[in-house]
Amino acid sequence: MGWTRIGMAFHRFPLSFLSPRFSAHPLPRSLSASVFSHQMSTDAQSVAARLNSAGFIRNQGFIGGKWTDAYDGKTIEVTNPATGEVITNVSCMGGRETNDAIASAQDAFVSWSKQTAAERSKCLRKWYDLIMAHKEELGQLMTLEQGKPLKEAIGEVSYGASFIEFYAEEAKRVYGDIIPATLPDRRLFVLKQPVGVVGAITPWNFPLAMITRKVAPALACGCTVVVKPSELTPLTALAAADLSIQAGIPPGAVNVVMGNASDIGEALLASPQVRKITFTGSTAVGKKLMAGAASTVKKVSLELGGNAPCIIFDDADLDVALKGALATKFRNSGQTCVCANRILVQEGIYDKFANAFSNAVSSLKVGDGFGEGVVQGPLINDAAVQKVESLLQDAISKGAKVLIGGKKHSLGMTFFEPTVITDVKSEMLLSREEVFGPVAPLLKFKTEEEAIRMANDTNAGLAAYIFTSSIKRSWRVSEALEYGLVGVNEGLISTEVAPFGGVKQSGLGREGSRYGMDEYLELCKEKHNKAGWFAATLSSPEHNAHGFETDECSKDPCSISI
Ligand SMILES: NC(=O)c1ccc[n+]([C@@H]2O[C@H](COP(=O)([O-])OP(=O)(O)OC[C@H]3O[C@@H](n4cnc5c(N)ncnc54)[C@H](O)[C@@H]3O)[C@@H](O)[C@H]2O)c1
Ligand SMILES: O=CCCC(=O)O
């Protein structure tokens, strides 16, 4: 199994019980001033008003570097899930706007792909600096439209920006190969070329990081992008696009269209100019896009749903296991593709763990993401609450017992009580589907073999976690798990420096790390006949049949720039 094993903490997702690790890079002085101070009021309406007057709330799409209304003037509401208030109305775009965005991206590709790696790197680095300089505003925007606690939102801004910083460096390392040829007078070169225009479709749960994890490597490789953020959270994406222009990324290299998802998706899929679709979201939509990409034979990367097991062995350090399980389960109110979906606890410590875990969960403060000390915000919408309720009902009707929580929170709206439910069995829907909410189902197992079997009994294969004090067991079990990512005594496994992605129906391809670049590059072979180079030197004073300039050839045939 090609998994990434992570046994260290990468704390870019601050929850109140975890310590944040923000970027080590100091900001340039000129960029470090935020328009907000910590003393200002943080009630949602006044935050929205301040962000609006500071120009952070954009409500048009972004095509070819221009803010653009939907051609038919339609708009859709963006609401705050904590209050139900409308933050703003944004353009509701469709196929026509998407086709224009694709044309702009194609025009921009011609020049952006020809810029030197150093030039592209500088623009990316500047974009990173600008995002970090405005991490509070972007974090506030994210809390407004997505609901996650402000501290966690600012953590996501740092996490999202880390991909831009990483790929600003990686842009300079797109190396090729020279392969020994089968004939002495031939040379084989392998070059990596940008794939072209990329369509990037992203979800609402990480409104910035899921975009930068795609756009930064694409731009680093010389590609240009049409981004379609979730209609539920377009504001962070639009603000980030605005900063990309300020960073010197040329108009048309980053376009943003949002509105009618299926029309936009169809336009991206139908266009022969779009050479790659990169998608993060549900497995159902991922399958549709994969099928749709077949008609134009596009490359496809998919980051889809998970069903993460979190296995706690009876030899685990209970304190480490509690903290890890709490972090992986309740981050982003449980709305994370790598969230523990099933907590498998060995029978000897099952009751003890269940009690200690419930105690810890009972201290999680639920509320508006702007509230002091809040670690769990609302769910994204009513449909999300209904899904959580129906999965709970199914489990309860089949014998599971709610230890704590289990219903809508008294705060109303889409707030849900942090929940621990025991006696959950593998056949219950709660174990089979991605709950995407603050519900921790505890399952019991007897042996290591049984835990592995239960963990792998799913079509998903994104993230898994194990807690044990045995080094031998940690290797044995992590290698037996059919997952793209395995956390060992660690609940937070995401980082820009290691590959992220799933096996089975959790996806195709990897994001982050140097492997994330491969998704936006084509491997191209060139076979060179050395005789042709020498002939060039001796024949035409300007060009030979291969198009090489003679005076270049005469310098040194082996160092010709192609
Ligand atoms: N593997 C990962 O890295 C990862 C990361 C985050 C979220 N996710 C998954 O995303 C899901 C939650 O996100 P969601 O509810 O936004 O998912 P979703 O699939 O409903 O939507 C994702 C994006 O696809 C768009 N979309 C929907 N139908 C489309 C269509 N027919 N054509 C084109 N685009 C279309 C949406 O508008 C949105 O922008 C969960 O399943 C979660 O596990 C996976
Ligand atoms: O929702 C899934 C992605 C979040 C992450 O990168 O950890």
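Predicted model: local features only at pLDDT ≥ 70, side-chain atom pairs only at ≥ 80, totals over all residues.
Two strands are said to pair if DSSP finds at least two bridges between them.

I begin with one pair of strands. Strand E4, residues 75-79, and strand E5, residues 86-91, pair in the antiparallel sense, and 5 bridges join them. To take one of these positions, Ile76 has Val90 in E5 as its bridge partner. E4 and E5 form a hairpin, with 6 residues between the two strands. Within that turn, Gly84 has a positive phi of about 80°. As a general point, side chains in a regular strand alternate between the two faces of the sheet.

I now come to the ligands, starting with ligand 1. Where does ligand 1 sit? The space taken by ligand 1 is the largest pocket. Two or more residues of the shell around ligand 1 come from each of helix H6 (209-221), helix H8 (261-270), strand E11 (274-280) and helix H9 (283-292). The largest share belongs to H8, which gives 3 residues.

There are 28 residues around ligand 1, and those that come nearest are Thr202, Lys228, Ser282, Leu304 and Glu434. By type, the shell divides into 14 nonpolar, 9 polar and 5 charged residues.

Several side chains place a polar atom beside an oxygen atom of ligand 1. For Trp204 the distance is 2.9 Å, and for Ser282 it is 2.6 Å. In the case of Glu434, an N or O atom of the side chain lies 2.5 Å from an oxygen atom of the ligand. Taken alone, ligand 1 exposes 840 Å², and the protein buries 87% of that area.

Let us proceed to ligand 2. Which residues surround ligand 2? They are Tyr159, Asn205, Phe206, Met210, Arg213, Arg331, Thr336, Cys337, Val338, Ser494 and Phe500. This shell consists of 6 nonpolar, 3 polar and 2 charged residues.

Here too there are polar atoms beside ligand oxygen atoms. The side chain of Asn205 has a polar atom 3.0 Å from an oxygen atom of ligand 2, while for the side chain of Arg331 the corresponding distance is 2.8 Å. Cys337 takes part through its backbone, with a polar atom 3.0 Å from an oxygen atom of the ligand. Ligand 2 taken alone exposes 250 Å², of which the protein buries 99%.

Note on methods. Residues numbered from 1 in each chain as written. Chains lettered and ligands numbered in written order. Heavy atoms only, no water. Near = heavy atom within 4 Å. Polar contact = N/O pair within 3.5 Å; in protein donor to acceptor, adjacent residues only side chain to side chain. Areas by Shrake-Rupley, 256 points an atom, 1.4 Å probe, with all protein chains shown as cover. Nonpolar A, V, L, I, M, F, W, Y, C, P; charged D, E, K, R; others polar. 1 Å grid on protein atoms, 1.4 Å probe; cavity = no way out; pocket = protein on both sides within 12 Å on 5 of 7 lines; lining within 4 Å. Sits in = over half its atoms within 2 Å of the grid points. Helix = DSSP H or I, 4+ residues; strand = E, 2+ residues; numbered from the N terminus.
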